[in-house]
Amino acid sequence: MSCSSVDVKAYFLGEVSRAEKSVVDDHLRACESCREELDRLKLTDTALRSLVEEDAPQRIAFVSDKVFEPRWYQTIWRSGPAMGFASSALLAGAILAHGFSLRPPAQPAAAAPVVDTAQIEQRIEREVNVRLEAAAAKQREQMASMLDAVQKSYETKRQADLADVRQAVDYYKNQTARLMVAANRVETPAQ
Amino acid sequence: MIFREVEDRDLIAKARRGHVDAYNVLVSRWEKRVFNYLLRMVRNREDAMDLSQDVFLKAYQNLKKLEDPAKFAGWLFRIAHNEAYSLLRKNRPDGEIVGELATGESSARMFPIETSLAVQSALGRLSEDQREAVLLKVYQGFKFDEMAEILSCPVSTVKSRLYTALDLLKQTLAPVSLGGAE
């Protein structure tokens, strides 16, 4: 097999299939110039990787921005009550539709059955109240867990800030001590 | 690797819902890689820092447009590539880009220093396209097809740039005489 039909660079860069790799392996065993090419690529790679990655001079961080945060109505819509309200409305609609569908055909006035709309409304109201109450309970529960999470987050940040302050104080103490020592050293020859 | 990918995906999902803290965690994972890529592209530390901030801001603003969170790395480097070239194009008419790295100021922490300087010099002699191909492949470990997506060009172009760059780097960093045959 000729050297031109073997892609030593792709082989070196790990961009060949298993079958291709086997072909290149066979060729490398027989071809000295391709082996040398591979050695030089390895040497180049080793040199390139001697460059260490540097840390960014400053950390990149973003603070909360109202532009990107969900709007208040989005928050409400995503909360439990919205879903509760939607399901209650759907249920109420279904009850109403069911009520109307069960109405018998129009009869002579004397025989016309009386539809108890008041009873239906009561049922609807009862169902809606139950759903709303469940939704409100769910929201209370979510609110409590969110508050808990916020408190924990606040406490963690506070502890981190305290640690930073302590570290800074220690640093300044050390620096002061060093300055004192240095000052003493400067004064000593004069005495 | 899979575990890390899942975690990034979770952070992306949270960030999309407006959780800035989740996004900051994501930034902290990627900022060093992005900064070093930009540093070696624009060869100026301040510019690289400014561009890094722009990259992450744009990524945040466009996070909802990212269709597949598993491709976050390529998508992020695509933004970084655009930012780097935008600056390089802006600087080009004013003459050559004065590279802070070329002064050797940053190499004080590198070991061995001769090799680092030689590498910086050799990378600096490549064209921007060739240098970027080396950065994305050797330092960032992207596959050819991922690089093609980042650079918006065919895989054949990616290979051509990279192979030419490797040949040029080889001449400086691994001359023939080092083989020991001569």
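Both A:Glu37 and B:Lys170 are buried, where buried means under 20% relative accessible area, exposed means over 50%, and partly exposed lies in between (1.4 Å probe, protein chains only). A:Glu37 forms a salt bridge with B:Lys170, and their closest N and O atoms are 2.7 Å apart. This pair crosses between chains, from helix H3 of chain A to helix H8 of chain B. A salt bridge is a side-chain nitrogen of Lys or Arg within 4 Å of a carboxyl oxygen of Asp or Glu. Side chains of opposite charge can pair when their charged atoms come close. The two residues also belong to a network of salt bridges that links A:Lys9, A:Glu37, B:Asp167 and B:Lys170.

The structure is a predicted model, in which local features need pLDDT of at least 70, side-chain atom pairs count only at pLDDT 80 or more, and totals for chains, interfaces and linings use all residues. Residues are numbered from 1 along each chain as its sequence is written, chains are lettered from A and ligands numbered from 1 in the order in which they are written, and side-chain values use heavy atoms, with hydrogens and water left out.

The two chains may now be described in turn. Chain A has six helices and zero strands, while chain B has eight helices and zero strands. Helices (H or I, at least four residues) and strands (E, at least two) are DSSP runs, numbered from the N terminus. Of the 191 residues of chain A, 19% count as buried; of the 182 residues of chain B, 49% do. The accessible surface of chain A comes to about 14700 Å², with 59% of it belonging to carbon and sulfur atoms. For chain B the accessible surface is about 9000 Å², and 52% belongs to carbon and sulfur atoms. These areas come from the Shrake-Rupley method with a 1.4 Å probe; for residues, only the protein chains shown count as cover.

Where the chains meet, 36 residues of chain A are in contact with 54 residues of chain B, contact meaning heavy atoms within 4.5 Å. The size of an interface is often given as the accessible area lost when the parts come together. Between chain A and chain B the buried area is about 4000 Å², of which carbon and sulfur atoms give 62%; buried area is the accessible area (1.4 Å probe) that two parts lose on being put together, summed over both.

A:Asp7 lies in the segment before H1 of chain A and B:Lys159 in helix H8 of chain B, so the pair joins two chains. A:Asp7 counts as partly exposed at 28% relative accessibility, as does B:Lys159 at 27%. B:Lys137 forms a salt bridge with A:Glu15, with the closest N and O atoms 2.5 Å apart. B:Lys137 lies in helix H6 of chain B, and A:Glu15 in the loop between H1 and helix H2 (18-30) of chain A, so this pair too joins two chains. B:Lys137 is buried, with a relative accessible area of 7%, whereas A:Glu15 is partly exposed at 21%.

Spanning residues 155-173, H8(B) has 19 residues and reaches 26 Å from its first C-alpha to its last, close to the 27 Å expected at 1.5 Å a residue; the expected span is 1.5 Å times one less than the number of residues. Its buried residues include B:Val158, B:Leu162, B:Leu166 and B:Lys170. The buried residues of H8(B) pack against helices H1 (8-12) and H3 (32-48) of chain A, together with H5 (113-125), H6 (128-139) and H7 (144-151) of chain B.

The last topic is the nonpolar core, a set of buried Ala, Val, Leu, Ile, Met, Phe, Trp, Tyr and Cys residues joined through side-chain atoms within 4.5 Å. In the largest nonpolar core, which has 77 residues, B:Tyr23 and B:Val134 touch the most other members. Helix H2 (residues 20-42) of chain B gives the most to this core, with 13 residues. Not counting residues up to four places away in sequence, B:Tyr23 touches A:Phe62, B:Ala15, B:Phe56, B:Ala59, B:Tyr60 and B:Leu63.
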